[in-house]
Amino acid sequence: MAGSVRATDADGYRSLLFSIAYGMTGSVGDAEDIVQDAFLNLTRVRQAGTAVGNLKAYLTTSVTRLGINYLSSARVRRETYVGDWLPEPVVVCADRPGPAEHAELSDSLSMAFLVLLEALSPVERAVFVLREVFGYGYPEVARLTGKSEANCRQIFARARKRVAAGGRAADLAPPPPVRRAESEELARKFFEAAEGGDMDALLGMLAPDVVFQGDGGGKARALARSVTEPRHVAQLLVGGFRRVRILGASMRAAWINGRPGAVTYDSEGRVASVVELDIADGVIRAIHSVSNPDKLGHLGPLSDIALLPKR
């Protein structure tokens with residue numbers, strides 16, 4: 001149908017719009033919904049006979065405003081979340097590529113970075129993501145958020161201080177392209193060592209301040225709290241991989257939010273969990289594991305091997 005969402009000549013912006021929405025929400029499903037709503041708004045405006053001179057500006061503004069509204073309502077839900085909160089993983093499997101808008105997602109939107117953004121208010125997060133991740137100038141950020149340019153400068157400065165105070169420098173930077181191959185090789189050795197129960201090899205690959213975080217959302221098996229100290233993390237990994245073998249599950253290498261990792265599948269090929277490795281300076285600084293079924297549905301049929309018994 002002429003003027004419909006799928007037939008619009010604005011489809012070329014879908015990847016950018018998804019990345020902005022995901023950076024603001026940390027949710028694949030909600031980011032897709034926000035983008036779809038922006039396209040539906042465009043369709044309604046066109047059908048009403050209103051001309052849209054700059055499609056990119058119209059759509060990015062719509063996505064930004066919708067994202068701010070989403071965050072305002074999501075804040076209450078996050079406050080009652082069970083256990084650690086991690087973003088929905090964006091997964092690109094070597095043998096099963098995802099949608100283009102997912103595959104082209106900025107490497108800057110790692111899980112560690114998105115967790116840091118949770119400390120920001122909706123408007124702070126919008127300004128920070130647009131400026132820091134996507135490189136928009138202050139005049140553009142002001143137009144997209146509906147704030148003054150001077151106000152956006154103040155908001156960004158305040159947001160940057162809050163984000164920097166909550167994490168480490170490496171949490172704010174994407175992995176250098178030249179080191180992607182090195183990170184992939186380290187990830188391969190890491191998973192081999194974990195599967196083989198090689199504690200010494202694991203300890204040699206973990207940073208002294210390594211952190212292991214799990215997100216089960218109260219619905220799947222996950223850590224009650226973050227685990228630190230290399231030996232504790234290594235023991236946890238060996239035990240976890242032993243359970244994977246017992247259940248007949250398997251892991252396939254993948255890129256998670258621009259970082260090396262793996263997806264766990266049960267014996268029937270259904271998704272059970274996703275693991276992301278945060279690598280810097282040749283060691284693994286953080287491990288993020290998502291088993292909450294609400295955050296894995298976009299990856300395919302879901303397994304029940306990690307689910308907690310229903311009360």
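Me: Which residues of α11 are buried?

Reply: Happy to start there. This is a predicted model, in which local features need pLDDT of at least 70 and side-chain atom pairs count only at pLDDT 80 or more, while totals for chains, interfaces and linings use all residues. Residues are numbered from 1 along each chain as its sequence is written, and side-chain values use heavy atoms, with hydrogens and water left out. Buried means under 20% relative accessible area, exposed over 50%, and partly exposed in between, with a 1.4 Å probe and protein chains only. In α11 the buried residues are Pro230, Val233, Ala234, Leu237, Val238, Phe241 and Val244. They sit on the same side of α11, because they cover an arc of only 135° around the axis; the arc is that of the directions from the helix axis to the C-beta atoms.

Me: Why do residues three or four places apart point the same way in an α-helix?

Reply: An α-helix has 3.6 residues a turn, so residues at that spacing point the same way. Helices here are DSSP runs of H or I with at least four residues, strands are runs of E with at least two, and both are numbered from the N terminus. Helix α7 (residues 138–145) is another case: Tyr138, Val141, Ala142, Leu144 and Thr145 are buried. These buried residues fall within an arc of 165° seen down the axis of α7, so they line one face of the helix.

Me: What do the buried residues of α11 pack against?

Reply: They pack against α9 (180–196), α10 (199–205), β2 (206–215), β3 (227–228), β4 (250–256) and β7. Contact means heavy atoms within 4.5 Å.

Me: What caps the N-terminal end of α11, and what follows the helix?

Reply: Glu229 is the cap, with a side-chain oxygen 3.1 Å from the backbone nitrogen of Arg231. A polar contact is a pair of N or O atoms within 3.5 Å; within protein, one must be able to donate a hydrogen and the other to accept it, and residues adjacent in sequence count only if both atoms are side-chain atoms. After α11 comes Gly248, with a positive phi near 75°. Likewise, α7 is followed by Gly146, whose phi is positive, near 80°.

Me: How many aromatic pairs does a search of the whole structure find?

Reply: A pair of aromatic rings is described by the distance of the centres and the angle of the planes. Rings of Phe, Tyr and Trp (its six-membered ring) pair if their centres lie within 6.5 Å; planes under 30 degrees apart count as stacked, over 60 as edge-to-face and the rest as tilted. The search finds six aromatic pairs. In one of them, the rings of Phe128 and Phe156 are stacked, because their centres are 5.5 Å apart and their planes at 20°. Phe128 belongs to helix α6 (residues 122–133) and Phe156 to helix α8 (residues 149–166), so this pair ties together parts that are 28 residues apart in sequence. The rings of Tyr138 and Phe156 have centres 6.2 Å apart and planes at 75°, so that pair is edge-to-face. Phe113, Phe128, Tyr138 and Phe156 form one aromatic cluster.

Me: Where does the charged end of Arg131 sit?

Reply: A charge sits over a ring if NZ of Lys or CZ of Arg is within 6 Å of the ring centre and within 35 degrees of the ring normal. The charged end of Arg131 is over the ring of Tyr138, 4.4 Å from its centre. Arg14 lies over the face of Phe39, at 4.2 Å from the ring centre.
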